Amino acid sequence: MSEPQKNSVELRDVHLSFDEKEILGGVSLSVPSRSRLVVLGQSGGGKSTLLRLILGLLKPSAGEILFNGLKVNRMGRLRLNRMRQKIGMVYQYSALISSLSVRDNLALPLEELTSKSRSEIDQLVDEKLALVGMSEVRDKMPAELSGGMRKRIGLARGIIMDPELILYDEPTAGLDPVISAVIDELIISLSEKIGATSIIVTHEMGSAFKVATQMAMLYKGKIIACDTPENFKASTDPVVAQFIAGDTQGPILQSTPS
Amino acid sequence: MFGPWSAIRTSLQHLSSVVWLLIDTIQEMGDRVVRGRMPFRLSIFFAQTDRTGVGSIGLVSLVSFFIGLTMALLTGYQLQTFGQEQMVPGLVAISFTRELGPLMTGIMVAARIGAAYTAELGTMVVSEEVEAIEAMGIGPLRFLVGPRVLAVFLLLPCLVVVSNFTAMVGAALISRWAFDTSVHHFVHAALESMLIRDIIAGTVKSFLFGLIIGLVACYKGLSVRGGAAGVGAATTQSVVTAITVVIAFDTLCNIVLVALFNS
Ligand SMILES: Nc1ncnc2c1ncn2[C@@H]1O[C@H](COP(=O)(O)OP(=O)(O)OP(=O)(O)O)[C@@H](O)[C@H]1O
Ligand SMILES: [Mg+2]
């Protein structure tokens, strides 16, 4: 708490196990304010879990997680709720409320957490829907939408409160190339316009290098590399090099038969 | 480790989790009130009261009507052999206000509403909706659990009144037909026999059962693990647990009442 808040998020030696199985074994990571950190890692490697830890949805078995210098893992339920209002999460599988229409899904956090009027809320909803190119589905139910459409609605919901920190869990997976490029640009412009910090989990190398100002590689429960995109591209680390190139030859598959 | 001890231990663990659910929900709702906001939107609460209360009236009145009717008929024929069929109104009135009304309504609401709550919340857990609500900082307990538990808690007693009333109607009609007791006399005798104490006992039980059913259903729903099969299993467990706990508490209440008032 003493240092100035230059790091939006900081993880210190975070450990986490699910039923005896260690998923994260000492993750340390700092995310400077206003940066865009892309986290790479194998499927099932614990990337989504990492985002849940930052939101305080899971408690680490050891280590510390800080958001704006405050210890997330020590917060009680009420303080967590207040902290989460400053964080937007874009879910890998959208996680829209199936009983609410698209409009109501986006309006929900505004209605519950702010004292904005109905017309202000409607205006914000329309604005965010336009950002993700989904204005025409405003009154549809989530079940009537395709996976990619739901994903974009999920993204719009994640940014509706103008959060300081936005966590994207595979925001462009399953989207067509044009929309993916639109989303990539949206991620960049959000961080530049409102000054939001972003943590982006993605498997698409193209968009990873496009949006990143920082990159980190999660491998076997640890951050094995954290660097600028340029250095990442030129990395001589066999794991990083193999992952970026998408090679079948290298240490990754040999050591984890999954 | 099987056997009675581990069973008792798991039951106690569940019990403490349910109590914590209640405490956390109250805390989350209280935090909102302190900040000068409604704990939840009234429209959400009324949607729940509508399906919990208004939606259950049909089932509760139909079943209670038949139980009241059958009870009057069976006891009436027995009592008739002693020439005591004038006791039927009192018998039905006392058994329903104090015992059968809350119990039968509790069982019906556990099956109808408890199951719906568990399935609904369980499905929301599986599709990460509950987590998303939590991640937005909305507080799933006050938003999802609060209105539901409050709806059963407040509306079960109302349903019990409906149950008592329709049971009396059923009993009065059959008495009129089978034992020539006039409706006027039936009502008079029934009111005569009812004691304030029985009515209070029945009301207290009703609130308690409503709370139990709501909490058990929400707890089971929120602790669903493992997809569609998990939702199914949790729904069954929710109904079975709620009914068992309701009957257990009913017995406990009766023992306490008898010990206190010796009747
Ligand atoms: N609730 C849970 N209970 C038990 N194990 C879990 C749970 N959630 C995740 N896991 C396990 O944790 C590991 C990491 O999961 P996570 O979802 O974080 O992976 P990921 O890196 O996001 O993968 P992907 O790229 O496929 O989304 C997986 O092996 C998974 O089986
Ligand atoms: Mg994931």
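This report describes the fold, the sheets and the nonpolar cores of a predicted model.

Local features require pLDDT of at least 70 and side-chain atom pairs pLDDT 80 or more, whereas totals for chains, interfaces and linings use all residues; side-chain values rest on heavy atoms, without hydrogens and water. Residues are numbered from 1 along each chain as its sequence is written, with chains lettered from A and ligands numbered from 1 in the order in which they are written.

**Overall form of chain A**

Chain A contains 10 helices and 10 strands, taken as DSSP runs numbered from the N terminus (helices: H or I, at least four residues; strands: E, at least two). The radius of gyration of chain A is 18 Å, which agrees with the value near 18 Å for a compact globule of 258 residues; it is taken over C-alpha atoms, and the globule rule is 2.2 Å times the number of residues to the power 0.38. Of the 258 residues, 56% are buried (under 20% relative accessible area, 1.4 Å probe, protein chains only).

**The two sheets**

Strands count as paired if DSSP finds at least two bridges between them.

| Strand order (chain A) | Strands | Pairing |
|---|---|---|
| S6-S7-S8-S3-S9-S10 | 6 strands | mixed |
| S2-S1-S4-S5 | 4 strands | antiparallel |

The twist averages 15 degrees from one strand to the next (axes are lines fitted to C-alpha atoms, for helices over the stretch in contact; angles run from 0 to 180 degrees between N-to-C directions). S6(A) runs parallel to S7(A) (residues 165-169), joined by 4 bridges, and Gly88(A) stands opposite Ile166(A).

S5(A) pairs with S4(A) (residues 62-67) over 2 bridges. Helix H1(A) packs on this sheet, touching S1, S2 and S4 of chain A, at about 120 degrees to S1(A). H1(A) (residues 47-54) also lies across S3, S6, S7, S8 and S9 of chain A, at about 155 degrees to S7(A).

**Nonpolar cores**

A nonpolar core is a set of buried Ala, Val, Leu, Ile, Met, Phe, Trp, Tyr and Cys residues joined through side-chain atoms within 4.5 Å. The largest has 47 residues, with Leu40(A), Ile153(A), Met217(A) and Phe232(A) making the most contacts inside it. Helix H6(A) (residues 177-193) gives the most to this core, with 6 residues. A second, separate core of 42 residues includes Met108(B) and Phe209(B).

Conventions. Contact = heavy atoms within 4.5 Å. Buried < 20%, exposed > 50% of the residue type's maximum accessible area, 1.4 Å probe, protein only.
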